[in-house]
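These are my notebook entries on one structure. I set down what I looked up, in the order in which I looked.

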Amino acid sequence: ARITFDFMISVSRFARRTMSSATVRRIICTPLAPQPIGPYNQAVVVNQTVYVSGQIGLDPESGEFLGEDVETQTRQTLTNMGHILQEANSSFEKVVKTTVLLADINDFSKVNEIYAEFFKSRYPARAALSRRSSESGESRNRSHRHCRRRHRRVAKKPKHCQ
């Protein structure tokens, strides 16, 4: 069972209007979360908005998944995200949008329980997508339809959407 979280933190529209026109970009990197394995960063702060890269339940020290169960991986994923948010001088309370990618939609309630431990108030908007349902064995569900719509104009679909 693999799970991925993706967050975006933003300030109010009013605060953005009052900032100068110069764009300030700051790279966020903390050793308390898994290091990027490709050409991307853990997070980027642009002016007062934090863009956090998707994370998975890896232990930052070993680089290995902490267990096979969805609860352990969800908790580790959100812990990793918390360290990244902290490094960016932010917190779960300031998150405005999350995307949860589940290997199996039947894990949704388990993930939701752990999610509630980290998001205690001021809940963000959220999308939850799944590759398949274990009951039906289908791989073409909401996530696949989302990929088809999102990549409609792309000549070759990304590998995860095929």
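**Entry 1: two helices.** I first looked up how H2 (70-87) and H3 (residues 108-118) are placed, and found that their axes come within 9 Å and cross at roughly 30°. I noted that helices (H or I, at least four residues) and strands (E, at least two) are DSSP runs, numbered from the N terminus. The axes are lines fitted to C-alpha atoms, for helices over the stretch in contact, and the angles run from 0 to 180 degrees between N-to-C directions. H2 and H3 are therefore roughly parallel to each other. For this wording, angles under 35 degrees count as roughly parallel, over 145 as roughly antiparallel, 65 to 115 as roughly perpendicular and the rest as oblique.

I then listed the residues in contact, which means heavy atoms within 4.5 Å. H2 contributes Val 70, Glu 71, Thr 74, Arg 75, Leu 78 and Thr 79, while H3 contributes Lys 110, Val 111, Ile 114, Tyr 115, Glu 117 and Phe 118. Sorted by class, this contact has 6 nonpolar, 2 polar and 4 charged residues. Here Ala, Val, Leu, Ile, Met, Phe, Trp, Tyr, Cys and Pro count as nonpolar, Asp, Glu, Lys and Arg as charged, and the others, Gly among them, as polar.

**Entry 2: basis of the values.** The model is predicted: local features need pLDDT of at least 70, side-chain atom pairs count only at pLDDT 80 or more, and totals for chains, interfaces and linings use all residues. Residues are numbered from 1 along each chain as its sequence is written, and side-chain values use heavy atoms, with hydrogens and water left out.

**Entry 3: the chain.** I recorded 4 helices and 6 strands, which run β-α-β-β-β-α-β-α-β-α from the N terminus on. Buried residues make up 36% of the 162 residues; buried means under 20% relative accessible area, exposed over 50%, and partly exposed in between (1.4 Å probe, protein chains only).

**Entry 4: the core.** Which residues have the most contacts inside the largest nonpolar core? They are Val 52, Phe 92 and Phe 119, in a core of 22 residues. Such a core is a set of buried Ala, Val, Leu, Ile, Met, Phe, Trp, Tyr and Cys residues joined through side-chain atoms within 4.5 Å. At least two residues each come from E3 (43-46), E4 (49-55), H2, E5 and H3. H2 supplies the largest share, 5 residues.

Entry 5: I found Glu 93 in the loop between H2 and E5 (95-104). Is Glu 93 buried, exposed or partly exposed? Its relative accessible area is 45%, so Glu 93 is partly exposed. Leaving aside neighbours within four places in sequence, Glu 93 is in contact with Ser 121 and Arg 122. The C-alpha atoms of Glu 93 and Arg 122 are 6.1 Å apart, although 29 residues separate the two in sequence. Arg 122 lies in the loop between H3 and E6 (125-132) and counts as exposed because its relative accessibility is 61%. Its phi is positive, about 50°, although Arg 122 is not a glycine.

**Entry 6: Asn 89 and Leu 58.** Asn 89 also has a positive phi, near 60°, and is exposed at 60%. Leu 58, in the loop between E4 and H2, counts as buried at 16% relative accessibility. Not counting residues up to four places away, Leu 58 touches Pro 34, Gly 63, Glu 64, Phe 65, Gln 76 and Asn 80.
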